[in-house]
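Let's take a friendly tour of a protein model, one stop at a time. Keep the structure in view as you read.

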Amino acid sequence: MLLEVKNLSIYYYTLAGTVRAVENVSFTIDKKEWVSFVGESGSGKSTVAYALLNLVPSPGKIVNGEIIFEGKNILGLTKDELREIRGKEISMVFQDPMTSLDPLRKIGDQIVEVMTEHGMEKDEAYNRAKELLRKVNLPEDRMSYYPHQLSGGQRQRIAIAIAMAFNPKLLIADEPTTALDVIVQDAIMDLIESLKKEGTSIFFVTHDISLAAERSDKIAVMYAGKLVEFGKVEQILENPLHPYTQSLLASVPDLWSEKEIKAIPGYPPDLRNPPSGCRFHPRCPVFNEKANLKGVCDSIEPETIEIEKGHFVSCHLYR
Ligand code: ATP
Ligand code: SF4
Ligand code: MG
């Protein structure tokens, strides 16, 4: 196992109240495994992603849990120790690469700097930068370009090139293709997959479950800060257990069937004051149909149960 996250809870302490953004989330990522986190906007996917390098932005705080990466407790590391791991053993790629690229400096200098910061000699880093550009299918002359001279897709390739510099053990990719058109999106997904083939594990965030299904080994479904279902792609697609997962899959357009696309009615809850019991109960079609669930789903928090090997769900239907 590469990464183990246990009982992770993260709150944002705002003037308007405490946002319980991530609550009691546990999962693992194996070596060379691609795990995708899916869920609606605000479900806590990015907050989990930032936590993996102890980078949750203020006013967020990790209030509980453990993050064990290769036997090391990430939350117990000093800033220097984290900096050593970041970019070398764990890399991050974001939706908007402009957030990590410096607009005023040439691409080549930025790639080289990441490597020299981790102790590589300048000449070696320069050669490695050229090699990385080739790997992400960009011509060498892009070294002398500034970020604004590149397209969004090319900038994302640069961000991935930087993330690849040290053959990291884990790549955290938070909606890396959301801002790109479909063809460019596919090329970026190919690049991430090539990283996986070289031995990197992938923590991938998307709100698009069909995109996740194409490439992942496992899918984690988040709803309102809770991990409601986790399992192998086949398990999630062929046997979705949680009513929210079922709704997500029903909302995917299917070109080959006449099936009507159903959006999930209602809105995600306000996480300053999340619903009692199961956080999904106000929108859950099963709860709304079955009288015997009244007084259960709306008052008792469901535990996480392993239904078959590697397939976990948090829902009272499976007690
Ligand atoms: P999206 O798909 O929109 O990126 P997400 O699943 O990544 O959503 P997060 O960004 O992790 O969700 O947010 C989880 C919850 O935490 C949301 O309710 C959000 O409003 C809240 N939150 C995130 N950042 C902050 C912040 N800086 N201050 C206060 N609340 C925050
Ligand atoms: Fe629906 Fe109850 Fe399961 Fe929550 S616990 S998803 S409300 S059936
Ligand atoms: Mg996000």
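This is a predicted model: local features need pLDDT of at least 70, side-chain atom pairs count only at pLDDT 80 or more; totals for chains, interfaces and linings use all residues.

## The surroundings of ligand 1

Of the 15 residues around ligand 1, the ones that come nearest are Ser-41, Gly-42, Lys-45, Ser-46 and Thr-47. Three of these side chains place a polar atom beside an oxygen atom of the ligand. For Lys-45 the distance is 2.8 Å, and for an N or O atom in the side chain of Ser-46 it is 2.8 Å. For an N or O atom in the side chain of Thr-47, the distance is 2.5 Å. On its own, ligand 1 has 640 Å² of accessible area, and the protein covers 66% of that.

Which part of the chain gives the largest share of this shell? Helix α1 does, with three residues. Strands β1 (3–14) and β2 (17–29), along with α1 (45–51), each supply at least two residues. Sorted by class, the shell around ligand 1 has seven polar, five nonpolar and three charged residues.

Now move along to ligand 2. Among the residues around it are the cysteines Cys-278, Cys-284, Cys-297 and Cys-315, and the histidines His-242, His-281 and His-316. Pro-243, Phe-280, Phe-287, Leu-293 and Leu-317 also belong to this group. By class, the shell around ligand 2 has nine nonpolar and three polar residues, with no charged ones.

## Two helices side by side

Two packed helices are described by the angle between their axes and the distance between the axes. Here, the axes of α5 (residues 152–164) and α6 (residues 182–197) come within 10 Å and cross at roughly 5°. Angles under 35 degrees count as roughly parallel, and α5 and α6 are therefore roughly parallel to each other.

Which residues of the two helices meet? From α5 come Gly-153, Gln-156, Arg-157, Ile-160 and Met-164. They meet Val-184, Ala-187, Ile-188, Leu-191, Ile-192, Ser-194 and Leu-195 in α6. By class, this contact has eight nonpolar, three polar and one charged residues.

## Two backbone details

Most residues other than glycine have a negative phi, and most peptide bonds are trans.

Lys-32 lies in the loop between β2 and β3 (34–38). Although Lys-32 is not a glycine, it has a positive phi of about 60°. In the loop between α1 and β4 (60–69) you will find Pro-59. A cis peptide bond joins Ser-58 and Pro-59, with omega at about 5°.

Notes. Residues are numbered from 1 along each chain as its sequence is written. Chains are lettered from A and ligands numbered from 1 in the order in which they are written. Side-chain values use heavy atoms; hydrogens and water are left out. A residue is near a molecule or strand if one of its heavy atoms lies within 4 Å of it. Ala, Val, Leu, Ile, Met, Phe, Trp, Tyr, Cys and Pro count as nonpolar, Asp, Glu, Lys and Arg as charged, and the others, Gly among them, as polar. Axes are lines fitted to C-alpha atoms, for helices over the stretch in contact, and angles run from 0 to 180 degrees between N-to-C directions. Helices (H or I, at least four residues) and strands (E, at least two) are DSSP runs, numbered from the N terminus. Angles under 35 degrees count as roughly parallel, over 145 as roughly antiparallel, 65 to 115 as roughly perpendicular and the rest as oblique. Contact means heavy atoms within 4.5 Å. A polar contact is a pair of N or O atoms within 3.5 Å; within protein, one must be able to donate a hydrogen and the other to accept it, and residues adjacent in sequence count only if both atoms are side-chain atoms. Accessible areas come from the Shrake-Rupley method with a 1.4 Å probe; for residues, only the protein chains shown count as cover.
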